[in-house]
Amino acid sequence: QRKLSFASGTTISWLEPKISLANHFKNGAAQNFPAEINKPASVREEQSIAEPCQLTREPEEINPDEELEDICDDKEDDLGAVEEQRSVILHLLSQLKLGMDLTRVVLPTFILEKRSLLEMYADFMSHPDLFIAITNGTTPEERMIRFVEYYLTSFHEGRKGAIAKKPYNPIIGETFHCSWRMPKSDVATDAGSNFSAHSPSEQVTLSKDLEGQTERDYYTVKFVAEQVSHHPPVSGFYAECVERKMCVNAHVWTKSKFLGMSIGVTMVGEGLLSLLEHGEEYTFSLPCAYARSILTVPWVELGGKVNINCAKTGYSASINFHTKPFYGGKLHRVTGEVKQNTTNTVVCRVQGEWNSVLEFTYSNGETKYVDLTKLSVTRKRVRPLEKQGPFESRRLWQHVTESLRDGDIDKATEHKRALEERQRNEERLRAETETPWCTKHFLKEGDGWVYHKPLWKTVSAAQTQQTDTN
């Protein structure tokens, strides 16, 4: 065991710190840590929370009507703490080797973003109107193009501000729930996607019913994410719009490597979009992410080739996220094309920047420009903190987040360390007792993870039941 200590609040733990094994958290039973006088009560509270094994119990269903529009807006544009702690970063870099796996390296608290990685995945759904509009495409070609348009517009909102900071590493068993409400009038039904440019104030959607009818005038998109594995770190997430019979299921394994003056994060995994009205499934992958210029002003760059494919219709898309060459070249450049595989015909080309302006050129000669900075963003809806479970992201990390907002790095580090120690204790006890981890919302299927009650199963069951009744 080895520990490198710097000024208070900037400890970088390379291996597990020495912890008493007298008390553990068994997966399914909580045992309290002995009281520690020198730690805040909120830290001791974090250490005494445990989530029971959910293998034999139905996961909690979150009622979207309990969720309120999110008012949290943590932009990450403050460089203060990073600049103050530059000597710590230099010391950290001196200990790393090129290509080193950073998965088990506990990075200092001052570089953290004020949200969990699970919530960052939710922010990729900030344009639910474009997501829902995919299934409104009248032809397989149009639906594939709409999916590509939605896919390319999802990344810019997933980044909070221009400064690259790192979201919290989710604790195993951590979950995040949210939803979006989208007025039906704002979802494109005709040819061509509805790239609206309303102000955020125009996007406030109220939960009202149409007069004299029980049908609501908005669509609801529900989202759930869960950290299903710690080593390797794997997240599963699922979103659905029941009214439009469409859902997306994905699992992502994040692999971080040290690249000198950059940190590279590979997103290993696959997503599956299901359009049940059309019987179509679209598989897709995710690009790599890079934190550049980590000694000066860190910023995020995406890179790599991703593929989108629909086996039933024979349409596919190939998208390249270009990293900036050492000399010249543009930042954040992306190019791609949509093909009909059987004829090898290109039906759409795209070029531009994934965080600025995209240009779509269609086979009929038409061109469309999309300014991502003017796209309307629909705020997600989340339950108030007091109604959240102990392992839901915002409640789990609330003390770390509050301390970061207050600029108290020492206190944030203490809260973060308490969560990490608890996770290590749980993991060690499971290894000693050979107790497998029980996930709550996702089931292992082959190399991937699938939501326990995906829409394709519930719709199929409902149709079978209706057939039997008839």
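1. Let's start with the largest cavity: in this predicted model, it holds about 200 Å³ of space. The structure has 7 cavities of 30 Å³ or more.

2. Now look at what the lining is made of. Helix 6 (residues 140–153) gives the largest share of the lining of the largest cavity, with 3 residues. By class, that lining has 13 nonpolar residues and 1 polar residue, while no charged residue takes part.

3. Next, please turn to a pair of helices. The axes of helix 9 (residues 398–405) and helix 10 (residues 409–433) come within 8 Å, and they cross at roughly 165 degrees. Are these helices roughly parallel or roughly antiparallel to each other? Angles over 145 degrees count as roughly antiparallel, and therefore helix 9 and helix 10 are roughly antiparallel to each other. Their crossing is left-handed.

4. Where do the two helices touch? On the helix 9 side, the contact is made by His399, Val400, Ser403 and Leu404. Helix 10 brings Ile409, Lys411, Ala412, His415, Lys416 and Leu419 to the contact. Sorted by class, the contact of helix 9 with helix 10 has 5 nonpolar, 3 polar and 2 charged residues. Here charged residues are present, whereas the lining of the largest cavity has none.

Notes. Residues numbered from 1 in each chain as written. Predicted model: local features only at pLDDT ≥ 70, side-chain atom pairs only at ≥ 80, totals over all residues. Heavy atoms only, no water. 1 Å grid on protein atoms, 1.4 Å probe; cavity = no way out; pocket = protein on both sides within 12 Å on 5 of 7 lines; lining within 4 Å. Points joined across faces, edges and corners; volume = space filled by probe spheres on them. Helix = DSSP H or I, 4+ residues; strand = E, 2+ residues; numbered from the N terminus. Nonpolar A, V, L, I, M, F, W, Y, C, P; charged D, E, K, R; others polar. Axes fitted to C-alpha atoms, helices over the stretch in contact; angles between N-to-C directions. Parallel < 35°, antiparallel > 145°, perpendicular 65-115°, else oblique. Left-handed = near helix turned anticlockwise from the far one by under 90°. Contact = heavy atoms within 4.5 Å.
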